[in-house]
Amino acid sequence: MPEPSRTARSASSSSTPRGTRNLVNLEAISKVYGTRALLDGVSLGVNEGDRVGVVGRNGDGKTTLIRLLARQEPPDDGRVTHSGGLRLGVLTQHDSLDPKATVRQEVLGELADHEWAGDARVRDVLTGLFGGLDLPGFPQGLETVIGPLSGGERRRIALARLLIAEQDLIVLDEPTNHLDVEGISWLADHLSRRRSALVTVTHDRWFLDRVCTRMWDVQGGSVHGYEGGYSDYVFARAERERIAASEETKRQNLVRKELAWLRRGAPARTSKPRFRVEAANDLIADVPPPRDSAELMGFASARLGKTVFDLEDVTVRVGAEGDGGRTLLSRLTWQLGPGDRVGLVGVNGAGKTSLLRALAETARDAESPLLTGGRVTVGKTVRLAYLSQEVAELDPALRVLQAVESVRSRVDLGKGREMTASQLCERFGFGKEKQWTPVGDLSGGERRRLQLLRLLMDEPNVLFLDEPTNDLDIETLTQLEDLLDGWPGTLVVISHDRFFVERTTDRVWALLGDASLRMLPRGIDEYLERRARQRESAAEPARAAASAAPPAKPAQLSRATQKEIQRIERQLDKLSGQESALHGEMAEHATDFSRVAELDAKLREISQERDRLETRWLELAEEG
């Protein structure tokens, strides 16, 4: 059974494996803001090969911890030590890009086209983050000026600039923000393949489980360390709270419930779980499934009748013809029934938000400009609540509890459960004191929580959630998931948070950018496979044209030079296969440090040989 640290100091007590360099040490650091100690006597270490996920409530000091680790601000007490010559890359939540520069200047610097185009890492990063080497989503490709770009586009540029460089340690603060499901999946694969150590703050639990091998839980001024990814952390935390006989019974039960879902119902997170399966199963033996779907369906039918939304031959379009408009969905026939729990995924701009907005406008008896054909039938008893990506403005002078009670003082959660406004506030992280905080003093994440809370207080029977996880910490997400488990109504979720979609919905539908909506029986895994096939099909004509075209300088290359180029290309292909096999072996023997060190040495040899061959290939290509 994995044993978490009991104190902040013991979190770094594990010895450094022989041959592994220590990169960063935090020794008894403390940091105080105002009268609150965010970190108190914390000692931690980061070694080569570490992949650390940092979790905790919003405001408990996660970002402060990694800023201290990266020496972006000094501690009040204690010492932060970096190893000599440490190559450190940091992604903060606010980029330092030059608004007058182009994407090329910020990402590629002075690299000539043949230099970066011949670098596999650069090609992988550009394709993974932007969808192609020519940056198809940007108006002038690499020559696009950064100033007018959106925050999400700037974030991708900052991330690309960091990942292209060679680093010993990468520190990332919310790296999945503004990335879609595909982008998050690519980033997880990319970071798993890199040799760089990693420390990341993120609320994306799927990402944590896919990438991290250690967890730091920041709470109450201390940092508790856990071995393994997010699944292991949930188990160890539940076991720690059980042993400590905590009085926070509700929180214990919530953690055990999440563990039960991870063990029983979620797609496999790791090929070989690192926590003891027997101990985990014993801990959740008396925990029922997250929700009784048949029972909830019966409740939902009683509240909603047979019809919720029926779409027949519907067309959804943005903009006018001839004025840059385009059709997002064409001749769509779809039925959203009572008790349906649907996750909507799709490429950015495919029409997910537009579809929900059109249905919401129709439910309010308003004529939606997005609907240009077909018919939408709305059930007579539908009571819709729609959480959009924009945070609704409230009177900043209102107290949190007043803002909630202005909707309703008590709420019926179904199945005989009822809560007061104050009780529901507590479930969403607004304690007794926080309930009297003016709305104007809340952070962005707290306002998002308040917006969601007010929607639930209105007792809807249909709930549309568009990116509900934005700015919410993991503990609040767990609370929200628990509430939705027993909520008897129709639910549609748009989210890039794969864990949340899989946890709260029963079926996944996808908009793949071809003006249609498809149900995916195998969920998000199937969506990623379909998107990969789409990209492959789109690239096929270009490859065919390239192979049909004559070589750039056929007459100027001697027969011997051409043969050597072909030989080098075969060797490079062979080395790529060997690299993939070694990465697989390293993942399989992750706990055998001597074996990992041996495999890493082989990987470095292959990397040197590949660099030598690529250099020779460029020399030969330039001879003509």
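I take contact to mean heavy atoms within 4.5 Å.

**Entry 1. Conventions**

I am working with a predicted model, in which local features need pLDDT of at least 70 and side-chain atom pairs count only at pLDDT 80 or more, whereas totals for chains, interfaces and linings use all residues. Residues are numbered from 1 along each chain as its sequence is written, and side-chain values use heavy atoms, with hydrogens and water left out.

**Entry 2. The whole protein**

I looked up the secondary structure and found 20 helices and 20 strands. Helices (H or I, at least four residues) and strands (E, at least two) are DSSP runs, numbered from the N terminus. I then looked up burial, where buried means under 20% relative accessible area, exposed over 50%, and partly exposed in between (1.4 Å probe, protein chains only). Of the 624 residues in the protein, 50% are buried. Among contacts with a separation of 6 or more, I noted that 69% join residues 24 or more positions apart.

**Entry 3. Helix α4 against α5**

How do α4 and α5 pack, and at what angle? Helix α4 spans residues 120-130 and helix α5 spans residues 151-164; their angle is about 160° and their axes are 10 Å apart. Axes are lines fitted to C-alpha atoms, for helices over the stretch in contact, and angles run from 0 to 180 degrees between N-to-C directions. The two helices, α4 and α5, are therefore roughly antiparallel. For this term, angles under 35 degrees count as roughly parallel, over 145 as roughly antiparallel, 65 to 115 as roughly perpendicular and the rest as oblique.

I recorded the residues that meet: Arg121, Val122, Val125, Leu129 and Phe130 from α4, with Arg156, Ile157, Leu159, Ala160, Leu163 and Ile164 from α5. By class, the contact of α4 with α5 holds nine nonpolar, no polar and two charged residues. Here Ala, Val, Leu, Ile, Met, Phe, Trp, Tyr, Cys and Pro count as nonpolar, Asp, Glu, Lys and Arg as charged, and the others, Gly among them, as polar.

**Entry 4. Helix α4 against α6**

I next examined α4 with helix α6 (residues 181-193), where the angle is about 155° and the axes are 10 Å apart. It follows that α4 and α6 are roughly antiparallel to each other. Asp124, Val125, Gly128 and Leu129 of α4 make the contact with Trp186, His190 and Arg193 of α6. The residues of this contact divide into three nonpolar, two polar and two charged.

**Entry 5. Two buried residues**

Arginine 205 is found in helix α7 (residues 205-211), and it counts as buried because its relative accessibility is 0%. Leaving aside neighbours within four places in sequence, I found arginine 205 in contact with several residues, including Tyr230, Glu258, Glu481, Asp497 and Phe500.

Threonine 490 has its place in strand β18 (residues 490-494). With 0% relative accessibility, threonine 490 counts as buried. A polar atom of its side chain lies 2.8 Å from the backbone oxygen of glycine 337.

Most residues other than glycine have a negative phi. I therefore noted glutamate 459, whose phi is near 50°, and glutamate 467, whose phi is near 55°; glutamate 459 is partly exposed, with a relative accessible area of 25%, whereas glutamate 467 counts as buried at 7% relative accessibility. Glutamate 459 lies in the loop between α15 (444-457) and β17 (462-466). Glutamate 467 lies in the loop between β17 and α16 (474-485).

Note on methods: A polar contact is a pair of N or O atoms within 3.5 Å; within protein, one must be able to donate a hydrogen and the other to accept it, and residues adjacent in sequence count only if both atoms are side-chain atoms.
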